[in-house]
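Morning, everyone. Please have the viewer open and keep the sequence beside it.

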Amino acid sequence: MPARPLVLRHLGGVLFGCFCLLTPHANAQEGPEKQKRPDAFRQLEELLPTPSATRTASGAPGHAYWQQKVDYTIQVELEEEHRQITGLEQIRYHNHSPDSLRYLWVQLDNNRMRPSSIGNRIAGAPDLSSGMSFKSLHRRLIRDSFDGGLHIGWVRHQGQELHTVVNDTMMRVDLPRPLPPGGQFEFEIQWSFQVNDSSQVGARTGAEFFPEDGNWIFEMAHWYPRLAVYDDVNGWQNKVFLGSGEFALEFGDFDVQITVPADHVVAATGVLQNPEEVLTKVQRNRLAKAMELGQDGPTMIITLEEAKANEASPADGVKTWHFQAQHVRDFAWASSRKFLWDCWGIFSGDPQTGEGHKVAAMSFWPKEAEPMWSKFSTHAVVHTLQVYSRYTFEFPYPTAISVNGPVGGMEYPMICFNGPRPEPDGTYSERTKYALIGVIIHEVGHNFFPMIVNSDERQWTWMDEGLNTFVQHLAEVEWDEHYKGWWGEPSQITSYMLSEEQVPIMTNSESLLSFGNNAYGKPMTALNILRETIMGRDLFDFAFAEYARRWKFKHPQPADFFRTMEDASAVDLDWFWRGWFYTTDHVDFELAQVDWYQLSTLDPDYENNILRERRDAQLESLQHERNTPLPKRVDAYPELKDFYDTYDPLTTTSQQQKEYLKLLESLDDWQREQLEAPWQFYILTINNLGGLVMPVLIDLEYEDGSHEMRRIPAEIWRKNSEQVKTLVLTERPVRKIRIDPRQETADCDISNNNWPPDIKPPTRFELFQQKKNAKTNPMQEANSQS
């Protein structure tokens, strides 16, 4: 017997009907109006670059992938009194590209600190409507006069001067003859500059003066001429350094000799080559002990008492510290006689097979950073390496260093600069504690992104800051249960996503608005939502690690990341990249309507009784109530009454009962079971007010207080990104329906996510005693002064 249609009883919501009258030939020429809704699931192929032999459609480096290599041999000297740096470098450039090069581009990023630099000249005006502090004016005047740029003495090849052209922070070096594919070119540069006093001219590099003891801490970054990147995407990445978009650099080997005052201690990228010449026997023994595996914590190499003695009596003469580093994209260093120093040797590799190497996790800091730094810094370094290695690849370098000084937070291969310190009395707030731990995790984490997964910071800040902030969050939640970070929960980014001062994440670094939210917070949140809500941890973690492994020691682009995440997970994420990275849409789902249906039993007695109860439960209108006592004509003239005066349409007739019994006899057993089932049908109408499509997360609260979560993938929006309807089928009535109750999707307005709508909790206010206005008039002021 064919199945019969089931009749549904409508219990809630609003039903709408409409009709229209059409003239026979109205709009005959126009035809039906086409839908104009945005296609949120339009594929990204039109936006992403065409795959090639160097970068494949899977997001992996292709069989023809290439990148350049640059090796540096540098001798540099720091003259402390006048903060002068003088250097000489020998550069060996390896042309691994298929192209012949007629010139090389060299970065002179310190030129950003020249008054005439483009970055200085395009700086916006301050808000003077509320005045300016003496300190701010002083710093601005110094910035407009201080020259911290690189002064190039000469550029030579085999003793012959090379023709150069300087354009702001870029210097073109014209070659005597084209450099063919596979060729090498060696040349030398001599330069000098004055290090900026960070209290007057802030930068990613600088020196900090301590007037109490007359000493300096120097943190040296972009301190030498560095080769720009030449790659298969941009050719030369020679955008000048304006101040926001950081660095794009080639990998290479460094051999660096740093000459400093004799009592200075130097921390640097790489491995110290001459410890016998610059360290005491006691310090060398302590280092050897610290590098023994199995230690419970760091070992002090220079103690607090030793650092105090060292800074109290400056020595004469100089020492040269010799460092070497392989396969790094940059080199940074710090120098001071104020440093305390600790070290903790850990293992990086596979503990099962023993394949791996030792890593010296170290911190350098002045006494002013105690007791926070001896307690937290090196622990944070080790914690970062351990957590990041689990989510990406084993840390490949031999050292990882955190230095306290004038720079608030900056990263370089194997070394980073971190600013937070306690109060002068040694106390610190909870905010300062987590600021220190967080910045160390963040800056040490940058060893992975972009020091190893070497993205183009000058163009795409989010590719290192956003990805690194995401893994930073994974490390922070493993620090302690109550860790308080800047970003993490999707709800922490909603106010920014509603703001007008924003541009898409896929915007050049120098054009970003709300730099921190755009480059750090929003991409970090996006990845967190991908991991927790859209892909799941297993799929996400594998794909993310695959991206890191594929592009370890290479130059990835955004498309390589997008494609790898999809390739390694079998999840189509084009809609996600388009919405989160290419638009400024936000998430705002509105649970606009809920229509509640139940199966009719078809029993006329049962169904009429339900309708009668609803009718009787309705409140009598005010007018009907007042009209009830009025005399009625039919009461005065009973002959006017007829059948309809006693007729109740909800009284079951014998004919209806017979038809019902006949129907039951015609049904199979499974059909009768369906009539008796307690199914509840809820049709949810959900509007997308923010434009950003996301999964629809539905929490059902039943009458007994229990909950059930239904997760509908984002693809529900694929045919209509503005409104969808979905059926929720349950076996018992629902008391409450909530969309995204745990705020997983960064929904910017959760007040419209509930059915029935929530009543907001009361806003509490305080009573206070009214105070008399103490303001004086001019006459009173004059009398008080006489």
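I will go through the cavity, the salt bridges, a surface patch and some backbone details. One caution before we start: this is a predicted model.

Start inside. How many cavities of 30 Å³ or more are there? The count comes to one. The largest cavity holds about 70 Å³ of space. Now its lining. The residues are V229, D231, N234, Q237, A248, L249, N454, S455, D456, H555, P556 and Q557. Select them and look at the stretches of sequence they come from. By class, that lining has four nonpolar, six polar and two charged residues. And the general idea behind the search: a probe the size of a water molecule, rolled over the atoms, shows where empty space is left.

Next, charges. Side chains of opposite charge can pair when their charged atoms come close. Here the count comes to 46 salt bridges.

Pair one is R156 with E161. Their side chains meet at 3.2 Å, N to O. R156 is partly exposed, at a relative accessible area of 28%.

Pair two is D635 with K641. The closest N and O atoms are 3.7 Å apart. The cut-off is 4 Å, so this pair counts as a salt bridge. What about cover? D635 is exposed, at 51% relative accessible area. The line for exposed is over 50%, so D635 passes it. K641 has 43%, which makes it partly exposed.

Pair three is D669 with R672. In this salt bridge the closest N and O atoms are 2.5 Å apart. Where do the two residues sit relative to each other in helix α18? They are three residues apart in that helix, which spans residues 669–676, so about one helical turn separates them. D669 counts as exposed, with 53% relative accessibility. R672 counts as partly exposed, with 27%.

Then the network. Salt bridges that share partners join D213, E311, K338, K367 and E368. Show those five side chains together and you can trace it.

Now the surface. L128, M132, L137 and L141 form a nonpolar patch. Together they have about 380 Å² of accessible area. Take L137 as the example. L137 sits in helix α2, residues 134–143. Its relative accessible area is 41%, so L137 is partly exposed.

Last, the backbone. P371 lies in the loop between β22 (356–365) and α6 (372–391). Another is W755 to P756, with omega near -10 degrees. P756 is in the loop between β32 (754–755) and α19 (778–785).

D168 has a positive phi of about 55 degrees, although it is not a glycine. D168 is in the loop between β7 (164–167) and β8 (170–179). Is D168 buried or exposed? Its relative accessible area is 17%, so D168 is buried.

Q743 also has a positive phi of about 55 degrees, and it is not a glycine. Q743 lies in the loop between β31 (734–739) and β32. At 30% relative accessible area, Q743 is partly exposed.

That is the tour. Questions, please.

How values were computed: Residues numbered from 1 in each chain as written. Predicted model: local features only at pLDDT ≥ 70, side-chain atom pairs only at ≥ 80, totals over all residues. Heavy atoms only, no water. Patch = residues over 30% accessible without salt bridge, like charges linked within 9 Å, V, L, I, M, F, W, Y side chains within 5 Å. Areas by Shrake-Rupley, 256 points an atom, 1.4 Å probe, with all protein chains shown as cover. Helix = DSSP H or I, 4+ residues; strand = E, 2+ residues; numbered from the N terminus. Buried < 20%, exposed > 50% of the residue type's maximum accessible area, 1.4 Å probe, protein only. 1 Å grid on protein atoms, 1.4 Å probe; cavity = no way out; pocket = protein on both sides within 12 Å on 5 of 7 lines; lining within 4 Å. Points joined across faces, edges and corners; volume = space filled by probe spheres on them. Nonpolar A, V, L, I, M, F, W, Y, C, P; charged D, E, K, R; others polar.
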